[in-house]
Amino acid sequence: MSVAVASHTLAVLQPLLFRRSRLGAGEAAPAALGGRLVGQGAGALHAALLAPPGAVFDGWASASPSHDRRHGCVRYTTDGHWLHGFAEVDDGTSGLQEASHRAYKDLFEVLAASVCPNLLRVWNYLAAINREQDGSERYRQFNAGRQQAFIEALRSAFEGAPAACALGMRDGPLRVYFLAGRQPPLAIENPRQVSAYCYPDTYGPRSPSFSRAALVDVGGGRNALFISGTASIVGHTSLHVGDVRKQTEESLHNIATVRRVAAERAGVAFAADALIYTVYVRDPANLAVVREVFEREVGAGSTAAREAVYLQADICRAELLVEIEAHGFAHTGAIA
Ligand code: 3EB
């Protein structure tokens, strides 16, 4: 094959594929880029899987061959069209601010040296997110290190930041999973909420660096919508303190608003019942109520209800009892 043909082939975006698999189902993802394991197994998140039983792997893939690489604290896989990886840092010695700075510094170095420099979606997991340590809450320390790394790498920590989530695990190192691509995503904000990167400093001296959602051309005439972790926050205030039912309803109202804004931008609907959800529940005793409200919203018999994953995790504000993230695909032309 001539070089000209090879480079022409590379110019066509290889479609990004996603599969949520129950472990043991025996399905092999094609040319897997990597993903997130929850439940049992080596490398699984340090969080209890409340439902379904067993283990679940959220895997990203494309049809082209990929290569595993390492850089600093980052392990990643890329096929030249998409890049998935994770940074892992034990914050025990350095402290969490330094750990999150290092995770993001290393992952930005990976992206800067790749043909996939654009961060689309980030999943942040850290132990004891609400614990006070050395005079400040660990989530605030995480935010400080993250924002500093964004700014040093000349990345937007504000408008145009990737979609993200940040959850508290029972223990373990800081782990930051990330998905990147060749083209920048279109950042989506929620008109019911103050953008997280504009939160007042009562929530911490350095604001969180994420957008409410990201819309991405994933090839094959499809767009992906990545909806960030979404909680019971209106404006910048936590609502329904102590009421898990209302918090779940408010979170889903926020997700519906983000879906509507994304649909306007993409010119195509992202139906609630067609998304893939992860539901983070602080207190496992609240699972039944959260699930009831969630299934009522997305439809009891829907694929979304059947495929949803419920994890026990701490949310980044101590008063928040539930957080929901989602992503999905829609067939469409280019993003308007
Ligand atoms: C919020 O809306 C809830 O720090 O990356 C949601 C999604 C939240 C992402 C992050 C935090 C993050 O502020 C918490």
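Modeller: Let's begin with one residue. Leaving aside neighbours within four places in sequence, Tyr 125 is in contact (heavy atoms within 4.5 Å) with Arg 36, Leu 45, Cys 165, Leu 167, Met 169, Pro 173, Leu 174, Arg 175, Tyr 177, Tyr 280 and Glu 325. This is a predicted model, where local features need pLDDT of at least 70 and side-chain atom pairs count only at pLDDT 80 or more, while totals for chains, interfaces and linings use all residues. Residues are numbered from 1 along each chain as its sequence is written, and side-chain values use heavy atoms, with hydrogens and water left out.

Colleague: Which residues have the most contacts inside the largest nonpolar core?

Modeller: Tyr 125 is one of them, along with Tyr 104 and Leu 107, and that core has 69 residues. A nonpolar core is a set of buried Ala, Val, Leu, Ile, Met, Phe, Trp, Tyr and Cys residues joined through side-chain atoms within 4.5 Å. Buried means under 20% relative accessible area, exposed over 50%, and partly exposed in between, with a 1.4 Å probe and protein chains only.

Colleague: Which helix gives the most to this core?

Modeller: Helix α3, residues 96-112, with eight residues. Helices (H or I, at least four residues) and strands (E, at least two) are DSSP runs, numbered from the N terminus. Another core of 34 residues lies apart from the largest one, and Val 244, Val 261, Ala 304 and Leu 321 are among its members. In soluble globular proteins, nonpolar side chains tend to be buried together.

Colleague: Stepping back, how many helices and strands does the protein have?

Modeller: Seven helices and 20 strands. The radius of gyration is 19 Å, close to the 20 Å from the globule rule for 336 residues, so the protein is as compact as a globular protein of that length. That radius is taken over C-alpha atoms, and the rule is 2.2 Å times the number of residues to the power 0.38. Along the principal axes, the C-alpha trace spans about 65 × 50 × 40 Å.

Colleague: What share of the residues is buried?

Modeller: 54% of the 336 residues. As for contacts with a separation of 6 or more, 76% of them are between residues 24 or more positions apart.

Colleague: Back to single residues. Is Gly 145 buried or exposed?

Modeller: Gly 145 counts as buried because its relative accessibility is 0%. Its place is in helix α4, residues 138-152. Not counting residues up to four places away in sequence, Gly 145 touches Gln 97, Ser 100 and His 101.

Colleague: And Val 234, which strand is that in?

Modeller: Strand β16, residues 233-234. Val 234 has a relative accessible area of 25%, so it is partly exposed. With residues up to four places away left out, Val 234 touches Arg 192, Leu 239 and Glu 250.

Colleague: What about the backbone: which peptide bond is cis, with omega near -5°?

Modeller: The one from Ala 51 to Pro 52. Pro 52 is in the loop between β3 (49-51) and β4 (55-61).

Colleague: And what is phi of Ala 128?

Modeller: About 45°, a positive value although Ala 128 is not a glycine. Ala 128 lies in the loop between β8 (118-127) and β9 (132-133). Asp 134, also not a glycine, has a positive phi near 50°, and is found in the loop between β9 and β10 (136-137).

Colleague: Is Asp 134 buried or exposed?

Modeller: Exposed, because its relative accessibility is 77%. Ala 128, at 14%, counts as buried.
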